[in-house]
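Subject: Model handover

Hello,

The sequence and the model follow here. My notes on the fold come after them.

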Amino acid sequence: MSGPGRFRVRSDVMIRFLRDHCRVQADTSGHQVRINVCPVCGDAPTGGKAFRHVVNFRKQIFFCYRNDCLVDLVELVRLMGGHRTMAGAMQYLASFGEAFDLTGGEHPDPGSPDDEEGPVLRRIREKLHAASVGMVPGQAEEPEMDLPESFSADWSGKHGRAALSYARRRNVPEWFVHSGRIGYCTAGEMRGRLVFLTFEGERLVYAVGRAMSDRQSPKYLFPEVGGGELGKSRFVFNLDLWAGCSRLLVCEGTISALAVEGGVCVFGHRMGPQQAAKIARTVRETGIGEVVTLFDPDLDPRKEAHAASMLTAQGCPNVRLGLLSGGDPAEVPHEVPTAVAGSLQSGDRLSLLRARVDWIGKKK
Ligand SMILES: [Zn+2]
């Protein structure tokens with residue numbers, strides 16, 4: 001779905017991509033083309049009525065009239081390009097340089113590919129939405145919040161260029177800069193901060209504002225549900241982007257997570273059961289090969305052991321501790337975290353359990 005957390009892929013780039021992967025038929029409307037193959041259900045008819053699948057650039061969706069398959073354009077690129085993860089598809093698109101339209105905080109409802117098909121597609125979208133919402137079983141509420149006041153992802157202009165230069169100094173990768181998941185604020189609570197957004201499905205659930213000057217502290221925004229604010233220790237940054245990756249690296253901060261392939265980060269003082277459950281479920285359901293914790297080595301190592309044991313306790317397979325030395329993942333050269341993750345000690349259940357007992361012992 002086209003939401004604030006997704007690329008808006010430019011139509012000319014998308015058409016070039018599609019021409020490399022299937023047969024394309026131009027549409028007179030100017031904002032969509034038809035293609036002959038559906039990468040979701042595999043429908044690829046031959047003969048006269050071959051072009052029955054629509055790619056709509058304005059609404060940033062693909063729709064298959066054969067089996068009602070509906071995905072956003074980044075997911076379409078992921079499927080057709082053979083990328084394992086959404087992050088992989090985004091990295092590929094970023095290689096085009098000018099592959100994206102900047103929405104600058106404007107997020108139109110994707111609607112339906114053809115307006116006369118509205119009710120049918122609305123039903124499908126609701127179904128998709130419900131599937132993405134149900135990340136934690138039994139969770140009735142759907143936490144969601146608005147973008148922070150004055151949030152912008154337009155990197156041109158005085159404020160945009162300053163924020164971009166700060167982001168680059170902090171090693172925020174280029175593909176993420178244009179993802180729509182990072183921006184800056186010039187007014188309001190997050191003023192003067194580089195803002196990282198966290199999504200669950202299409203819903204914005206958490207925003208971290210990192211001060212671009214030393215005098216300010218970071219700020220956090222999260223949604224209110226049922227009259228009370230949700231604690232931040234239930235969200236995981238970028239987990240959706242790395243679903244299906246071979247190795248998930250669980251870090252402590254957004255910048256650290258962005259420094260490594262497969263990087264996610266947990267918010268809060270220590271990993272909460274809901275964060276562990278979300279990670280464990282994504283690992284099981286999308287076939288992630290292994291999970292490695294990669295925390296800041298200057299902090300108490302029991303914090304990392306606690307996180308690993310929480311994951312194991314939630315049924316997450318193949319959890320390992322990545323004991324990094326020399327700085328956090330964003331401070332050491334890029335290849336170090338990856339090398340460390342490849343040669344880790346095994347996080348067997350017993351040692352994790354023991355680490356957890358130590359942690360609990362310290363708390364009391
Ligand atoms: Zn289909």
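Of the contacts in the protein chain with a separation of 6 or more, 64% are between residues 24 or more positions apart; a contact here is a pair of C-beta atoms, placed from the backbone, within 7 Å. This is a predicted model, in which local features need pLDDT of at least 70, side-chain atom pairs count only at pLDDT 80 or more, and totals for chains, interfaces and linings use all residues. Residues are numbered from 1 along each chain as its sequence is written.

The protein chain has 11 helices and 18 strands. Both are DSSP runs numbered from the N terminus: helices are H or I with at least four residues, strands are E with at least two. Of its 364 residues, 43% count as buried. Buried means that 20 or more other C-beta atoms lie within 10 Å of the residue's own, exposed means 12 or fewer, and partly exposed is in between, with C-beta atoms placed from the backbone.

Five strands make an open antiparallel sheet in the order β1-β2-β3-β4-β5. On average, neighbouring strands are turned by 25° against each other, direction ignored. Axes are lines fitted to C-alpha atoms, for helices over the stretch in contact, and angles run from 0 to 180 degrees between N-to-C directions. Two strands count as paired if DSSP finds at least two bridges between them.

- β1 and β2 (residues 32-35) are joined antiparallel by 3 bridges, and Ala26 has Val33 in β2 as its bridge partner.
- β3 (residues 53-56) pairs antiparallel with β4 over 4 bridges; Val54 is bridged to Phe63 in β4. The two strands form a hairpin with 4 residues between them, and Gln60 in the turn has a positive phi of about 55°.
- β4 and β5 run antiparallel with 3 bridges, and the partner of Phe63 in β5 is Leu70. This hairpin has 5 residues between its strands; Asp68 in the turn has a positive phi of about 60°.

In a regular strand the side chains alternate between the two faces of the sheet. Both faces of β4 are covered, with Ile61 and Phe63 buried on one side and Phe62 and Cys64 buried on the other. Helix α2 (residues 73-81) lies across β4 (61-64) and β5, at about 100° to β5.

Helix α1 (residues 11-21) contains Met14. Met14 counts as buried because it has 22 C-beta neighbours inside 10 Å. Leaving out residues up to four places away in sequence, Met14 touches Val9, Val55, Phe57 and Leu73. Leu73 is 59 residues from Met14 along the chain, with 8.4 Å between their C-alpha atoms.

Another open antiparallel sheet of 5 strands has the order β6-β7-β8-β9-β10. Here β6 (151-152) and β10 (219-221) are the edge strands, each pairing on one side only. β9 (residues 203-211) meets β10 antiparallel over 3 bridges, with Ala207 bridged to Leu221.

Beyond neighbours within four places in sequence, Ile279 contacts Val236, Leu239, Val250, Val291, Leu311 and Cys316.

Leu311 is one of the buried residues of α9, which also include Glu304, His306 and Met310. Gly315, with a positive phi near 85°, follows α9.

Regards

Technical notes. Two residues are in contact if their C-beta atoms, placed from the backbone, lie within 7 Å.
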